[in-house]
Amino acid sequence: DAEAALRWEAKLPDGSGDSATASGVTTSGEVSSVLSAYESEGDLARYCEYYSSLSSFVESSLDAHKHELGCLLYPVFIHMYLQLVYNKHEKEAQKFFGRFCVEQEDWHQEDLRTLSTVKTREQMAVNDLMDNFRSSKFVLRMSRDSYQSLRRYLKQNEHRELLSILQDHLFIDVFDGVPRNREQVQATSGAMMGEARRDANKVKVLYGLPKEPDINVPLDDDEEGGEGEDKPKKKKQKKDLLLNKNKKA
């Protein structure tokens, strides 16, 4: 399991108790609880260094893995920026955003313009764009070979903050098979929260009109007889008094 493996490498708790967004309806207290996931005591001033390192790793990867690994850059950029904002590193956040925003794909630019208006913790709590980040993780699919390459990079560099972001805010759907090329990756990219999960369309769908239920209403014998004389009334079985007497004798 990709999520469990990343959490184990980051030495983080399993997060099974997180339930702030389970109901789909968030109160102000739940919003504060969810946003507190961005709280960090790490060296946030090194986020530019961490992101540059990740970007260089992607660019230097084999062509077979580069396009799948490149899908990491946008969600990591988003959540690093939000983490800087939440922890009141406003100047570092603006520097980070201005430096790496231009490196993101064209289809993300509209969402990034909206995100650029979020500059304080208070704005994070009321911005409509944050509803998506609060309710679900960013989904990306990755072949097992590409995923193993990512794990080796994380193990060698030991960037705990990066590991935490991957664990808390991304869902990496690992599959067995050949890594996807650029065209295949782009065909499923561009959504705000990444790709669709493989189990997203597995709900059984029934077509046509629903079957009419069989309604069995028991009818009383007397009512059947009152409706007509086509059906004779059922005669009650008379007790054989003679037989009973003989038995007594």
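Predicted model: local features only at pLDDT ≥ 70, side-chain atom pairs only at ≥ 80, totals over all residues.
Residues are numbered from 1 along each chain as its sequence is written. Local features need pLDDT of at least 70 and side-chain atom pairs count only at pLDDT 80 or more, while totals for chains, interfaces and linings use all residues, and side-chain values use heavy atoms, with hydrogens and water left out.

**View 1. E49 and R46 form a salt bridge.** A salt bridge here is a side-chain nitrogen of Lys or Arg within 4 Å of a carboxyl oxygen of Asp or Glu, and the model holds five by this rule. In this pair, the closest N and O atoms lie 2.7 Å apart. E49 is partly exposed at 42% relative accessible area, and R46 is also partly exposed, at 32% (buried means under 20%, exposed over 50%, partly exposed in between; 1.4 Å probe, protein chains only).

**View 2. R141 and D173 join two strands through a salt bridge.** Here the N to O distance is 3.9 Å. R141 sits in strand 1 (residues 138-143) and D173 in strand 2 (residues 170-175), 32 residues apart; strands (E, at least two residues) and helices (H or I, at least four) are DSSP runs, numbered from the N terminus. Look for the contrast in accessibility: R141 is partly exposed at 21%, whereas D173 is buried at 8%.

**View 3. R144 and D176 meet in a salt bridge.** Their closest N and O atoms are 2.5 Å apart. R144 belongs to helix 10 (residues 144-157) and D176 to the loop between strand 2 and helix 12 (182-187), so the pair ties together parts 32 residues apart in sequence. R144 is partly exposed at 38%, while D176 is exposed at 61%.
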